[in-house]
Amino acid sequence: MSRQRSEQEQLPMIGTKTHDQPKTTTLLILETTDKYDTIIMQGNRDNWSNRIVYLLSIIGFVVDLGNVWRFPTTCYRNGGGAFLVPYFTFLFLVGLPCKLKFLSKHSHSFYFSFTLSLSFASGMYMELAIGQYHRLGYITIWNKVCPPLKGIGYSMLIINFYVLSYYNTIIAWSIHYCLASFRAIVPWTFCKNEWNTENCYSLHGEQILNLTSNTSSSSADEYFERRMLKSHLSPNINHLGSLQWELVGCSMLVFLLIYISIFKGVKTAGKAIWFTALVPYFVLSILLFRSLTLDGIFEGLKYYVAPSFERLSEYSVWQAAAVQIFFSLGPGFGVLLSYASFSDAHDNVSSTALIASLINCCTSLLYGTVVFAGLGYLSYRLKSDVRQFTESNMGLVFVVYPEILTSIRGAPFFSVLFFIMLLTLGLDSVFAGAESVYTALSDEFPILARHSRISRAFVVLIPFLASIPTLTNGGKYIVHFMDFFGTSPSIMFIVLCELIATVWLYGMDRFSQDVETMTGHKPSIYWRITCRYIAPSILFVLYICSFIQFDSQEFLSFGDRKTAIRVSIAGWTMSTISTLPIPIYAIWWFIFRREKKISQRTTTVIIEE
């Protein structure tokens, strides 16, 4: 028995079908004569029709609504150009060889930014690699990588349900705006509507107010708050008010679109991706051109590109750039694992990660250009400072952008285009999240795959039911709450566990051999050092800092101080719940499953090409 185990340790690629392995994803090594001339077979598993569709799907997932509102808002809150310095540092150092000789002993900030950038690239690269090699959903895959840490997959599952329960509401808002744009004059142009207050001002009114009073609000702002959300009927989170039936209908339409796009798996999602991934860039090019022709844009662009060097000394600015890059690359959600499991066995993992990362970052920069040009235009029209505009997360998307659109000839047409763009950006990501949830569950519980359409329907239905509180008068409080606690900081802990499971417990040598089997060459020393030492250390520091720097004043708008504290406690509880499966499953495994360790470990089917 010991001799057999020794042989299996020396030949980890060889294995047999195990009891824990689903029938639909049974993988065996049949024969191989040349380790560079092999192909990984995936049995009954679906595949992307070609590499372009696969790459568009990855890009569609990482380029989402966050590029439109999270990046400009984060940039705006952290000093505009001051934020771009660490952001560009992270961007241009991702993927470069690990040569640090040019760093002087005084360049501590630059070295800090470099090491942070490594962790983000490592997470994306690692997920694409192990997903492409093992070809399983993000729950079952840990049977192959590190069985005691299978709880990582269940934590990813919880995170995805969190996101699907509020993210679709933001898409529903986009549908509402899109439908409202089908008229001769978009309804947020003037202040002569029943929902407007005496403090309303409009760029197109007879008089344009100076923003000297904090009580002034734009026509676009009042449309968002008082017409669509009707948030004035909900004074705080303790009184959510009644359901907004218009938004309920829009949300039902969103979930119907999700189901239509995934009910046949990657085959239907691959067809939809041609539209949802490319349309945003067509609309972006139109908006970019029009924004750059507006009056007064240079004040906004100056704020965007001119760094405030005193703010560069603030740790919060560097951390904000780090977190922005981290979330934009999308590790920790399991989507990259699932999508890679449907890819070609010999796809170049490094190039896929690099192309998607660069397109994602460039898209964020272009959206930032559009919004800051618009901010400059608004400051010019209102004779005010750029810094006086709203800093709320959703304000830039549903207030500033619509306000810009009212100044464009043919505003209804461009407004429809813009909100279709938001719709397609959001749908790409929720397609990915919903499909990854089904993939994970069906691989772990094969009975679900026998009734795939019904199973996918429940994957869509459950988040819809959970999203109902976000469709009330006070829904914006729930959306803000879920956006703040639903992913961060638990997602960092999940990626940290992923790295530990893969490069330390599964083993860097074994991981490198897997990559060599797929691509013909092992990961460079850069990736090996990054994944093994630097990335886990930096993620651990960021995870700890997220607790230290938390301030409950973030939620003072939810009610009084006691309410803010209760909301904070509830939020950290929810965040903790998403990470509990990792230690709980590990304890259960060591107590009950240790004696049933799989005697043979298998990862793929490899046959001679």
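I take a helix to be a DSSP run of H or I with at least four residues, numbered from the N terminus. By that rule I place Y339 in helix α13, residues 335–341. I note at the outset that the model is predicted.

**Entry 1: the whole chain.** I looked up the overall make-up and found 23 helices and four strands. The protein has 609 residues, of which 59% count as buried. Among contacts with a separation of 6 or more, I recorded that 83% join residues 24 or more positions apart.

**Entry 2: Y339.** Is Y339 buried or exposed? Its relative accessibility is 3%, so I count Y339 as buried, the limit being under 20%. Leaving out residues up to four places away in sequence, I found that Y339 touches W48, Y54, S57, I58, F431 and A432. I also checked Y339 against R135, 204 residues apart along the chain, and their C-alpha atoms are separated by 9.2 Å.

**Entry 3: a nonpolar patch.** Which residues make the nonpolar surface patch of about 540 Å²? I listed I454, F458, L461, I462, L465 and I468. One of them, L465, lies in helix α18, residues 452–466.

**Entry 4: helix α21.** I compared the length of α21, residues 525–548, with expectation: at 1.5 Å a residue its 24 residues should span 34 Å, and the end C-alpha atoms are 34 Å apart, which agrees. I also noted a kink of about 45° in α21, centred on C531.

Conventions
Residues numbered from 1 in each chain as written. Predicted model: local features only at pLDDT ≥ 70, side-chain atom pairs only at ≥ 80, totals over all residues. Heavy atoms only, no water. Patch = residues over 30% accessible without salt bridge, like charges linked within 9 Å, V, L, I, M, F, W, Y side chains within 5 Å. Areas by Shrake-Rupley, 256 points an atom, 1.4 Å probe, with all protein chains shown as cover. Salt bridge = Lys/Arg side-chain N within 4 Å of Asp/Glu carboxyl O. Helix = DSSP H or I, 4+ residues; strand = E, 2+ residues; numbered from the N terminus. Expected span 1.5 Å × (residues − 1). Bend = angle between axes of the 7 residues up to and from the residue. Buried < 20%, exposed > 50% of the residue type's maximum accessible area, 1.4 Å probe, protein only. Contact = heavy atoms within 4.5 Å.
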